[in-house]
Amino acid sequence: MAKRVDVAVIGAGPAGLAAAIAAREQGAENVLIIERAEQLGGLLPQCIHNGFGLVYFEQDMTGPEYEKAFMDRAVDMGVETQLETMVIDLDEKREITAVSRKHGYMKFRPGAVVLAMGCRERSRGAVGIPGTRPAGVLTAGTCQRFVNIEGYMPGSRYVVLGSGDIGMIMARRLTLEGAKVEAVVEIMPWPGGLIRNEVQCLHDFGIPLLLEHTVSFIHGEERVEGVTVCRVDAQRQPMQGTERLIPCDCLLISAGLIPENELSRRAGVALDPVTGGPVVDQDRQTSVPGIFAGGNVVQVHDLVDWVSREAEVAGRSAAVFADKGRAKRTAGIKVVPGKNVRYVVPQLISGAGDVTLHMRVKEPGLSARLDVGGVLKKKFRSVRPSEMIVLDLEGEALRKSGIKGELVVDCDTKGSG
Amino acid sequence: MPDLETEVLIIGAGILGAATARELSRYKTDVTVVEKRADVGWGITKANVGVVCQGRDTLEFRPEYHRTRLLWRALPLMEPLCEELEVPFIRVGGWLLIRDQVKKEKLDKLARRTESLGLGSDKYYAYSELRELEPFISPEIKGGLHDPEIAVVHPVYLTQAMMENATANGARLMLETEVTGIEAEHGGFTVRTDQGEIKARYLINAAGEWVDRIAAMLGADDFVLFPIKGQVGVLDRNCSELASSLLAVIPEEPGDMNIVVPTVEGNLLFGIQLQINRRHDRSTTEHMTRLALKNARKLIPDISDKDVINSFCGYLMFRNFEIGWHECEVAMSERVPRFINMTIGYPGVSASPGAALEVVEILQKDGLQMEPDPKFNPHRKDIPDFSKLSDKERAALVKKDPRYGHVVCRCETVTEGEIVEAVKRGATTLDGVKFRVRPGTGRCQGGFCGPRVTRIIARELGIPETEVTKAGRDSTQVPLRTKQLLEKGGRDG
Ligand SMILES: Cc1cc2nc3c(=O)[nH]c(=O)nc-3n(C[C@H](O)[C@H](O)[C@H](O)COP(=O)(O)OP(=O)(O)OC[C@H]3O[C@@H](n4cnc5c(N)ncnc54)[C@H](O)[C@@H]3O)c2cc1C
Ligand SMILES: Cc1cc2nc3c(=O)[nH]c(=O)nc-3n(C[C@H](O)[C@H](O)[C@H](O)COP(=O)(O)OP(=O)(O)OC[C@H]3O[C@@H](n4cnc5c(N)ncnc54)[C@H](O)[C@@H]3O)c2cc1C
């Protein structure tokens, strides 16, 4: 027999934990987190480096430290968790099908659901690197799990494709483990992760960062024996005559994250083709009533602090929905990415109440001026696609502006960053 | 001294070797299969689109061809075979399409021939009718002939099932055993392998890409094989609605194979991009991927590069031009008695049950005593596929064996129970598990489950994780423990 649940949270990463705590704070009685892994924390247990919590706790913490703060909180607040339990189905009526070795095959029909499934990495196949198919090609996150959790090394001489945060952090981690990282190869003219990681993980360790380069071929029959690296032109196509062979026994791929929305799709949740996550409103409600979402499942965040904040909104709203059986629809105004803006989350706002906007630019630039529909203007010394911009928009200002229908966000820049 | 003696030795555990082993296991004959790789079906058979063609889809299937005879012989056998072995066989139906009206003549000719050969009557649909059935087809397609019989199988599953059934019925399988030399002497052969010597009375050469090399070891290479590399792309499961049947454009020039095929798993494959190549080169190329995509979009414009989750390639081995581009061979060598070559270019999967029967007949005709084994059991039970079961079946299975409640691969919903069973059935590597129960074939390509599957394999085989390989030999996944490099560095300097 299925237990009564007010709010069910799928995923126990920082998003799921924060959402569950917020739902309890908002008064939801039974809050259950369902997590497929053997422990709480999502990605954080394997992120043993520092750099977490700078915004939320104003402290420099490691992943496990940050996670512990939330875990203790959740336990104190009486959040229930069910580990090693995988949600395999979710439908538009919020019926959850889950399965586990311990608890068997289960169904839940909670008052509200929070999606907090995080994201997955783009694989070799998705990046489409030609060549042979030897062992020793893996994503940076998989390598991180092997090294930091399982205690195994996939190789001793590495090339990293992609300069996302995970790639750069792993380049440093592997160097500290005694491995040689020959290069981090990035197809764009700018690095894909935070500047702080570029400095602390690459420059400080003398690891070359090859911008506007790509891996054009993988060599080796059984194990990777090397990769061909070459320059790319303005269309990001390999340039003939610039190829160079780098011997190595491992290629790490760190070429971007994709929000994990297979369950959302099954429930009929509308997805945003740009973010890869659900279209959400100010309350982080998706297009399916009673299904909310927060964290990397909505958009790939670079800082965990924003993940927690976003998920708190989702958790609170879910508790309200579970209590009332419905939520006020807040789909008044559509937020539209304008000049040099790739996306803005949430995609829908009510026009009342304060709201935090998350966005990314398309191209880097200096002396950036961000204009949110004339309601809010802000200057930045520089903007980069890899660094998410977070802006607080006051409900009062929005109301006064009388904006209806659409709110266009533009970002003007001078010169390239 | 030979390490082993056997009556019939099959070289190669591809689909042809496996089909032959299974057919021979009906008899009390002593059969051994040697395979150089760590698992069965990893040669050309792995790099394949799995269409059970019906022998009426091109004009090149001429009744006078050996390969056509093999194919037609095999066709009625395929579905019952898949039933006995519990491997999926899905009649998806197929379209032979044209891009310009001039080609309509060729379709009419094919349709007339199909009728006259008594193979059924295929109906022509113009684009407007076709669109009702396959709404994503490009409006540039003028129309097409529909063949309702076209089916798909998973060639590796079928090979594994046949091999499993053959060994259950007494055949011997030796993996990671490579044939390196052969001597013919009176009454038999001495076959040298990297695992020792094998004496055999009959030798069946089903070495796929390397059939000519094996034949050359005996001086029986009175033929030439042309390797044509074919590259195939795989689309995400989310695209499955784009095509529900085999879509093929009638070749505009020879060797032009523009197709989109649904797999038994519900992915779509596209290709086949062909290229003459050195055969040991198993690499995919960007150029071929791009060409294949471009072609696929001419068929279904909605296919996007973002949906490509993988690509692979294999070799179609064609015989000499003189005897017909598409000809094949399943025959006793004219130079060396008791040595049988098996090589089929395109319809190797479809024709495999027919080819196996032919080998049995050749052996019988040659005087090999083959007494039917009354204990032969044609059935084999498949590994339960958790993802495809109903709610009730799932609940019952998890109750019976809680390991089926532990989902290890999230993309494909593969449970620990299935992985353990795959190891029991002979998988010893990550690819071996992947090609039996699919962890790592989904969108994340093993990113999430890789470490977990590695751990289960190590545990089930009782070996350290550092010895678990991707595909045998030196392809270890995590060759070192952490700190090992540091310790080494510390000692060296
Ligand atoms: C290598 C790396 C380094 C990072 N470094 C920093 C840093 O220095 N500073 C910083 O602030 N941020 C950093 N981040 C970012 C931060 O870790 C992520 O933004 C954050 O972990 C995302 O949280 P989440 O809860 O949305 O997702 P996750 O942490 O991925 O959690 C999702 C959870 O959902 C579970 N789940 C998914 N599907 C199901 C299902 N069907 N059933 C049950 N459970 C399911 C998963 O098992 C997982 O536990 C880093 C990220 C990575 C990958
Ligand atoms: C891209 C592509 C698409 C195709 N699509 C279809 C299709 O849709 N339908 C269809 O019917 N056919 C198709 N085919 C053809 C079909 O795949 C082949 O005809 C068939 O798989 C050949 O099987 P095989 O057993 O001869 O070869 P393999 O599968 O290559 O088996 C030979 C085995 O011999 C082993 N071996 C080789 N040398 C040695 C040695 N010295 N010692 C020990 N072992 C050795 C190899 O490791 C290998 O496992 C396609 C082929 C390609 C390339």
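Predicted model: local features only at pLDDT ≥ 70, side-chain atom pairs only at ≥ 80, totals over all residues.
**View 1. Ligand 1 and its surroundings in chain A.** The shell around ligand 1 holds 36 residues. The closest are A15(A), E35(A), L43(A), N296(A) and V304(A). Among these, L43(A) places a backbone N or O atom 2.9 Å from an oxygen atom of ligand 1. For V87(A), a polar backbone atom lies 3.0 Å from a nitrogen atom of ligand 1. Ligand 1 on its own would expose 1,000 Å², and the protein buries 95% of this area. Several elements of chain A each give at least two residues to the shell: α1 (14–25), β3 (50–52), β6 (85–90), α5 (165–176) and α8 (304–324).

**View 2. Ligand 2 and its surroundings in chain B.** Around ligand 2 there are 38 residues, the closest being E35(B), T45(B), N48(B), Y346(B) and S350(B). The side chain of E35(B) has an N or O atom 2.6 Å from an oxygen atom of ligand 2. In the side chain of R37(B), an N or O atom is 2.9 Å from an oxygen atom of the ligand. V349(B) takes part through its backbone, with an N or O atom 3.1 Å from an oxygen atom of ligand 2. Of the 1,000 Å² that ligand 2 exposes when taken alone, the protein buries 98%. Two or more residues of the shell come from each of α1 (15–24), β13 (226–235), β17 (308–318) and α8 (348–365) of chain B.

**View 3. An open parallel sheet in chain A.** The sheet has 5 strands in the order β5-β2-β1-β9-β21. At its edges are β5 (80–82) and β21 (291–293) of chain A, and each of them pairs on one side only. Neighbouring strands are turned by 20° against each other on average, direction ignored. β9 of chain A (residues 112–115) and β21(A) are joined in the parallel sense over 3 bridges. In this pair, L115(A) stands opposite A293(A). Helix α1(A) packs on the sheet and touches β1 (7–10), β2 (31–34) and β9 of chain A. The direction of α1(A) makes about 170° with that of β2(A). α8(A) also packs on the sheet, where it touches β1, β9 and β21 of chain A. The angle between the directions of α8(A) and β9(A) is about 165°.

**View 4. An open antiparallel sheet in chain A.** Here 3 strands follow one another in the order β16-β17-β18. From one strand to the next, the twist averages 30°. β16(A) pairs with β17 (residues 226–231) of chain A over 6 bridges in the antiparallel sense. T214(A) stands opposite C230(A), a residue of β17(A).

**View 5. E421(B) in helix α10 of chain B.** The helix covers residues 416–424. E421(B) counts as buried because its relative accessible area is 19%, and the limit for buried is under 20%. Its side chain makes a polar contact of 2.8 Å with the side chain of R425(B). Beyond its neighbours within four places in sequence, E421(B) is in contact with I383(B) and Y404(B).

How values were computed:
Residues numbered from 1 in each chain as written. Chains lettered and ligands numbered in written order. Heavy atoms only, no water. Helix = DSSP H or I, 4+ residues; strand = E, 2+ residues; numbered from the N terminus. Buried < 20%, exposed > 50% of the residue type's maximum accessible area, 1.4 Å probe, protein only. Polar contact = N/O pair within 3.5 Å; in protein donor to acceptor, adjacent residues only side chain to side chain. Contact = heavy atoms within 4.5 Å. Pairing = 2+ DSSP bridges. Axes fitted to C-alpha atoms, helices over the stretch in contact; angles between N-to-C directions. Near = heavy atom within 4 Å. Areas by Shrake-Rupley, 256 points an atom, 1.4 Å probe, with all protein chains shown as cover.
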